Amino acid sequence: MLPIFVIIPLGCAFLMPIAGKLRQGFCQVLANICGLSLLFFSLNSIHWLKSGLKIYYLGGWQPPFGICMVLDGLTVLMLLVVNIIGSMSLLYSVDYIRKFTSPAFYYTLFCLLLAGLNGMVISGDLFNLFVFLEITSIASYSLVAFGTEAEELEAAFKYLVLGSVASSLILLAIGMLLGHVSTLNMADISRSLSNSAAPDLVFYCLALFIAGFALKSGLVPFHAWLADAHPAAPAPMSAMLSGVVIKTMGVYALCRVIFNIIGFNSAVSSVLTWLGIISMAIGVLLAIGQWDFKRLLAYHSISQIGYVVFGIGLGTPLGIAGGLFHLFNHSLFKSLLFLNSGSVEFSTATRRLDKLGGLSSQMPVTSATSLVASLSIAGIPPLCGFWSKLLIIIAAFQANNFIGGWVCIAVAMVTLASFLKVQKYAFNRKAKEVSSNIKEVPFFMLLAMVVLAILCIAIGLWFWPFMELVITPAANVLLEGTNYAKSILGV
Amino acid sequence: MSLYVLCFILFAIGIYCLLVKKNLVKKVVGLGIAEYAINLFFILLGYRPGAEAPILDPNRVITDFVDPLPQALILTSIVIGLGVTALMVAIVVRLYEKYKTFDIDEIRRLRG
């Protein structure tokens, strides 16, 4: 059953231009069938995991020789992130994409993006992961440039240059590992490395991997492209980029390589926690002065990814659980905020906060959902962002990382201030010139936003059952470290 | 060993060209150089002096052969590289239409 996560979106991407030639409406229907069926299967995968680890051997070839696909706790978590946000963004696109000229190509690229993301998450082979990473990257470069206006092309070019530097660093690291262990299966690499240690080579590979994946996820010394690329894309695509792509391409791949293949140690821990702390602080400081709604959100993505990497970098069970929980929550509320900003732009044709105002009476649903998302990201109880931030902060103090703990608290305060500014300027103050023709956005856009807002509240209220169901198995995969090899190869 | 060092120097030249040069077309060329350096590196991993291609032949047994795995990988990597380069060239052409220049210093509408 596992290849279905790649087959469905890849098949839909292939059929999409044909459907678009026949009738425009077919694309919308096909894309949403694809999104919703992926959502259904990823919810089902929680159930599949109950009977233990699932491995699919491509072509029936056993691990060291063939490519395998693996479904473990971490994979289930990432599949949920990818497919919840993916299906909601596709639902939102139904009405939003009408203002662009070629919806068929948009949906083709979107389905390719989903295929790449699902493939990266489910792959058990390092080179296969790289191939899916490149599929994802190419789809996201071209979706950032989709509007083909001057700013969008410029942002896409910047993203493409830095993204391809990151890809080449990752490929170089894979090549060096391959030269030492002569295998590409992740579990087999891990076993070979534990049999014949080569500390210098592993150190060098680790540096290349961290640089490559940090560039892909926009952590602070490598963040220059993110604040240009994320606002330039169409709104549902921005939601995917900020909510899913930087996490799957950056954080997920980094965790898989560091924890399950190479092995976690205190040096890596300090690198990751410092990357996290710097990203948190600098991201939020850059965000607070922004007046462009989407650019502000993009800088907050840098800061929130800092929380995730900091939590995971602590390496304690509570820290990893908190980091992964924050990864999930951030994907919900940041996508919701990007969809809100898309709705505001759709109705008012501007994203400048100082030109907006008084939208809460004209766009009640957008305003209410954005309030939920703003409070979630700022960490107000009982919404979902509060619990994950609390877990990370407790984990930081338990691990005696006092600097990190205090930075987390301070950044949460500044985030709150920054989102109060958004709420005040965009929705609550009186508009300078009241334009009466601002209307609430169409039905499907509302539906996607409302579903995400309900998820934010529901996960906040029932966070403990959710932790037990999804987050704990995912954290256990990272905690068992290089024993991952044993469970896959069955040795 | 010296081959590997030369290969890394080629990679460094490519990355330098991609990141430092001001002209968009030179950046495209830089990306090409970096990609080919990595492809060369993979091929060198599988290379053994005097070895043959591993072809299954009923008449004789080949004992000394090069590692075919990196070559298979590089076929994939070349195709990916082609895709990225094509996309990059397309974006460069559209950028030239919008800004009437190839100079990256003049393409700066996004600030802050």
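Two residues are in contact if their C-beta atoms, placed from the backbone, lie within 7 Å. This is a predicted model, in which local features need pLDDT of at least 70 and side-chain atom pairs count only at pLDDT 80 or more, while totals for chains, interfaces and linings use all residues. Residues are numbered from 1 along each chain as its sequence is written, and chains are lettered from A in the order in which they are written.

**View 1. Fold of chain A.** Chain A has 20 helices and two strands, taken as DSSP runs (helices H or I, at least four residues; strands E, at least two) numbered from the N terminus. Among its contacts between residues at least 6 apart in sequence, 80% join residues at least 24 apart. Its C-alpha atoms fill a box of roughly 70 × 60 × 40 Å along the principal axes.

View 2. Of the 491 residues in chain A, 62% are buried (20 or more other C-beta atoms within 10 Å of the residue's own, all placed from the backbone). The core, a set of buried Ala, Val, Leu, Ile, Met, Phe, Trp, Tyr and Cys residues joined through C-beta atoms within 7 Å, holds 218 residues; A:L77, A:C111, A:V144, A:A156, A:L324, A:L336 and A:C456 touch the most other members. Helix α10 (residues 235–262) of chain A supplies the largest share, 19 residues.

**View 3. Surroundings of A:C456.** Beyond its neighbours within four places in sequence, A:C456 contacts residues including A:L332, A:L336, A:V372 and A:C384.

**View 4. Contact between chains A and B.** Chain B contributes 27 residues and chain A 26 residues. On the side of chain B that touches chain A, α3(B) gives the most, with 14 residues.

Note on methods
Buried ≥ 20, exposed ≤ 12 C-beta atoms within 10 Å, placed from the backbone.
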